[in-house]
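Here are some exercises to work through with the model open in your viewer. Try each task before reading its solution.

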Amino acid sequence: MVKKNLTKEDILHIAKLGNLTLNEKEIEVFKKQLSSVIDYIDKLQEIDTKDVEPSSQITGLTDVLREDKVDDKRTLTPEQALANTQSKEAHFFKVKAILTE
Amino acid sequence: MDLLGLTIKDVLEKLKTGVFSCRELTEKCFVNIKKNDKKINAFLTLNEEQALKKANEYDELIKNDKEIFDKKPLLGIPIALKDLYTTKNLRTTAGSKIIGDYYPPFDATVTKKLINAGAIIIGKTNQDAWGHGSSGENTDYEPTRNPYDLSRVPGGSSSGSGAAVAYGAALVGTGTDTGSSIRLPAGFCNLIGLKPTYGRVSRYGIIAMASSFDTIGHMTKTVYDNAKVLEVTAGLDPYDSTTVPIKIDQYTKILGQNIKGLKIGLPKEYFVKGLDNKVNNSIKDSLKILEKLGATVKEVSLPHTYYAMAAYYILVPSEVSSNLSRYDGIRYGGAREIFGAEAKRRIMLGSYTLSSGYYDAYYLKAAKVRTLIKQDFEKAFKEVDVLVTPISPTLPFKIGEKTDDPLQMYLSDICLCPVNLAGIPGLSVPSGFVDGLPVGMQIIGPQFSEELLYKVAYLFEQETQYYKIRPQFKNG
């Protein structure tokens, strides 16, 4: 199998997908470390899984639903929800602007 | 009174008969922590004021209510909670700095159950941030040290909970086990550590790492203590739709029953190159003891073991990258730049394996291999009742030894991760000491076989009593 060597561009692309910004030093370190991990996980390509069903969970439970009714025990009042924040306005969490004009 | 040597069983007897009070016991924990925790770094947050208040309250209850110990099975028991456990109005950081000032407005289901059972929360314990790690060194704070040898790691990611119980700061340390995180610290700190069946214990309010893998368990000195805590934490929770409606066994009731005729399987793929000879010998000696107790041992095969770690390190980072996306610097905590190196690595790895063009080759392929691993175990359990493996192929390693090589760190968990892929329970049991360092043995059973694992471990513990060997803070 071809040895995996991630490029700087690969790292920047993956970082962008994960909403991370990296400095130059991190890019260099992660390039080496992630290449070695991806090289390792590539060994899965050796196994034949043609007729195998994927498992995304192991309990076998399906369609676990509850009644569509508000349960007061599992709700917080606005006061409780905001009790520990340092940044609030009226009944809202106050955050920095994320949109610019 | 030497707190280091006490078990839950001892403490409940002594509280009942008035040998000491909850208040005295709780105070002792904090004296011990103040004396030793600077060396160990087991705790991130202490809950001293509230704990002492609770202790006073419970001392009153003991005086006034004869049946209080039946109503509250863990009355007065000092407990240390891993910092992934949400605790109402008590700082919960997940070992990270991103949410380093988070005071939750609610309790996790398990937190609530433990409080209702009378346990006293001593504090929140250090850990690899978000549960990512095998050594405790991926904490965003100071790494925890192994009380048996301060130059070595206590195992992770529930590093602080393991160390805290080992040095007697609490009688129970809770943890989460996504790949190894309860069993490895238990193995490295000479404790009983349970990774329960996936779905046995509620995940509600436990900060998520990889949601189809995370299990909620705990570490104690003895098997009885461990079983006693599971009786409290196990069960269906309407707040976690992956908990399973299967009856909870009275785990402490069967302890002491014999194991004559028990069939133990040794998966040959776990006893291969890379396994330290001394660890191997320790496990083999323990098997002789189990044979003396009436068990038979035979070799079995789990043929896809070689691929387990690769599948694990695709599926888990994929789920991690999704779970950590909520820390966007807007709704929760600080900016994403503050993530530690390991969290960044896992977010990137998961983003890569889920990304367009790679999903089939990585995520889907690994999900299929997960099926094969699960089937390996199912086939083995048609031949034998339980499997025995080492907890770790090596002794507790030195602090700093693996931090520059993430792949080597990942492979520390090679005996443990397959169990999480299959969702079955595993129990870490002390197997003695080599060169003054603890060795752990893993007992694995089919889904919901916790009762059987405890039964086997209890008889073994009665024979060996390794839990009585206390840490000496070597190399301090």
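**Exercise 1. Find the residue with positive phi that follows α6(B), and describe the helix before it.**

*Solution.* This is a predicted model, so each angle below is a computed value.
- Step 1: go to the end of α6(B); the residue that follows is B:Gly168, with a positive phi near 85°.
- Step 2: check how covered the helix is. Eight of the eight residues of α6(B) are buried.
- Step 3: name some of them. Among them are B:Ser159, B:Gly160, B:Ala163 and B:Val165.
- Step 4: look at the loop between β3 (120–125) and α6 (159–166) of chain B, where B:Ser157 lies. A cis peptide bond joins B:Gly156 to B:Ser157, with omega about 10°.

**Exercise 2. Work out whether A:Asp63 and B:Asp435 are buried or exposed.**

- Step 1: A:Asp63 has 5 C-beta neighbours inside 10 Å, so A:Asp63 counts as exposed.
- Step 2: B:Asp435 has 8 such neighbours inside 10 Å and therefore counts as exposed.
- Step 3: Phi of A:Asp63 is positive, about 45°, although the residue is not a glycine. B:Asp435, a residue other than glycine, has a positive phi near 50°.
- Step 4: A:Asp63 sits in the loop between α2 and α3 of chain A, and B:Asp435 in the loop between β10 (426–434) and β11 (437–444) of chain B.

**Exercise 3. Decide how compact chain B is for its 476 residues.**

*Solution.* 
- Step 1: chain B has 15 helices and 11 strands.
- Step 2: the radius of gyration of chain B is 21 Å, close to the 23 Å from the globule rule for 476 residues, so chain B is as compact as a globular protein of that length.
- Step 3: along the principal axes, the C-alpha atoms of chain B fill a box of roughly 65 × 60 × 50 Å.
- Step 4: buried residues make up 60% of chain B.
- Step 5: of the contacts in chain B between residues at least 6 apart in sequence, 78% join residues at least 24 apart.

**Exercise 4. Describe the side of chain A that touches chain B.**

*Solution.* 
- Step 1: 37 residues of chain A are in contact with 43 residues of chain B.
- Step 2: the elements giving two or more residues to this side of chain A are α1 (8–17), α2 (24–41) and α3 (78–82). α2(A) gives the most, with seven residues.
- Step 3: by type, this side of chain A has 21 nonpolar, 12 polar and four charged residues.

Methods
Residues numbered from 1 in each chain as written. Chains lettered and ligands numbered in written order. Predicted model: local features only at pLDDT ≥ 70, side-chain atom pairs only at ≥ 80, totals over all residues. Contact = placed C-beta atoms within 7 Å. Helix = DSSP H or I, 4+ residues; strand = E, 2+ residues; numbered from the N terminus. Nonpolar A, V, L, I, M, F, W, Y, C, P; charged D, E, K, R; others polar. Rg over C-alpha atoms; globule rule 2.2 N^0.38 Å. Buried ≥ 20, exposed ≤ 12 C-beta atoms within 10 Å, placed from the backbone.
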